[in-house]
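Dear colleague,

I am handing over the structure below, and after it you will find a short account of what turned up when I went through it. Please keep it open while you read.

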Amino acid sequence: MKIVYSLQPSSFCFGVEKSILGLATIIKNHPGEQIYCIHALVHNPKVTASFEKMGVHFIESLDEITDPNAIIVFSAHGTDRTIIQQAKEKGKEVYNLECPFVSKIYTEADLFIDKWIATFFYIGKEHHQEGKNVIAYIRSKGAKVYVFQTAEEIPEIPPETEIAVLSQTTLNFEYVQEILQQIQQRYPHAHLPAHSDVCKATCERQSVILQNLDKFQTFIVIWGKESSNTRQLYEIGKRNDKQTFYGESFDDIIQHPHDELLAHETVAVTGWASTPQEDIQKVVDFFVTNGYKEEILNLKKS
Ligand code: SF4
């Protein structure tokens with residue numbers, strides 16, 4: 001029997017929903033006012049376009065704002081606290097819609113800085129919106145930050161150094177655990193996060209794929225191209241020899257030759273935490289109209 005599995009959880013996570021609801025409320029509470037969101041609220045172009053239609057201006061820097069009555073909003077990815085302070089001096093009102101899992105990293109950074117720890121290891125991407133801001137914030141406090149993404153890149157510094165270790169929320173949690181273990185072995189004075197900083201939504205979306213690898217041959221991921229975290233899902237598929245497709249929407253997926261999309265009897269479809277459910281469902285429906293039976297695969301809690 002041909003089956004298309006809808007992996008759960010997928011689509012919007014708690015942090016994305018909270019940010020979207022937050023911006024919708026700000027729009028309602030500030031009718032007719034100029035609202036500026038620094039960076040995409042979440043990494044999904046559809047979400048950005050729908051807020052643009054409601055009048056929100058998406059910009060990358062405070063320098064682009066000249067209106068003293070501007071309502072300034074910071075995205076789900078988190079923002080360097082020094083920039084939030086500058087925004088308060090520049091606009092009429094400021095809202096920080098960052099995800100609480102990202103806020104936790106700033107709290108950890110502050111705790112380490114308060115303990116005078118001057119060396120940080122940051123596992124993540126230097127140019128991703130989340131990492132860029134966390135790194136800039138820690139450097140603004142005078143600490144040194146080493147940024148890397150793999151165990152091979154763990155910096156060589158004197159082993160007695162007291163180090164604080166943080167990571168991006170949306171990495172592959174298995175890789176991060178492995179890197180943390182290696183840091184612990186090499187740097188006995190390192191302060192590691194208790195369960196890594198990879199967020200619950202990321203762990204769950206990766207786990208449901210790993211738990212069900214034996215059930216499907218084709219794997220489809222719907223993502224926003226800027227979403228580094230969706231890439232983790234895609235890479236899990238590739239690493240496990242699945243025929244893997246990705247795209248920002250149903251329209252992207254359907255560009256692939258249909259004989260390739262329909263080549264296997266079992267297909268799994270997922271989307272990232274910033275992917276609207278309707279985009280995922282459209283892909284599932286495509287397989288249903290081609291004779292596949294839809295089934296939901298839920299995360300098994302350990
Ligand atoms: S993926 Fe994780 S860190 Fe990002 S918004 Fe969702 S819950 Fe927050």
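**Strand 4 and its neighbours**

Strand 2 (residues 35-38) runs parallel to strand 4, and the two are paired over four bridges. Please bear in mind throughout that this is a predicted model. Within this pairing, the residue that stands opposite V73 of strand 4 is C37.

Strand 4 is also joined to strand 5 (residues 93-96), again by four bridges and in the parallel sense, and here F74 has N96 of strand 5 as its bridge partner. If you follow the chain from strand 4 through helix 3 (residues 81-90) to strand 5, you trace a β-α-β unit that is right-handed.

Which way do the residues of strand 4 (residues 71-74) point? I71 and V73 point one way, whereas I72 and F74 point the other way, and all of them are buried. In a regular strand, side chains alternate between the two faces of the sheet.

**Around the ligand**

The ligand is surrounded by 14 residues, of which the closest are C13, G15, C99, T169 and C199. The elements that contribute two or more residues to this shell are helix 1 (14-29), helix 4 (100-114) and helix 7 (200-211), and helix 1 provides the largest share, with three residues. Sorted by class, the shell holds 10 nonpolar and four polar residues, while no charged residue is part of it.

With best wishes

Key:
Residues numbered from 1 in each chain as written. Predicted model: local features only at pLDDT ≥ 70, side-chain atom pairs only at ≥ 80, totals over all residues. Buried ≥ 20, exposed ≤ 12 C-beta atoms within 10 Å, placed from the backbone. Pairing = 2+ DSSP bridges. Right-handed = clockwise from strand over helix to strand, strands pointing away. Near = placed C-beta within 6 Å. Nonpolar A, V, L, I, M, F, W, Y, C, P; charged D, E, K, R; others polar.
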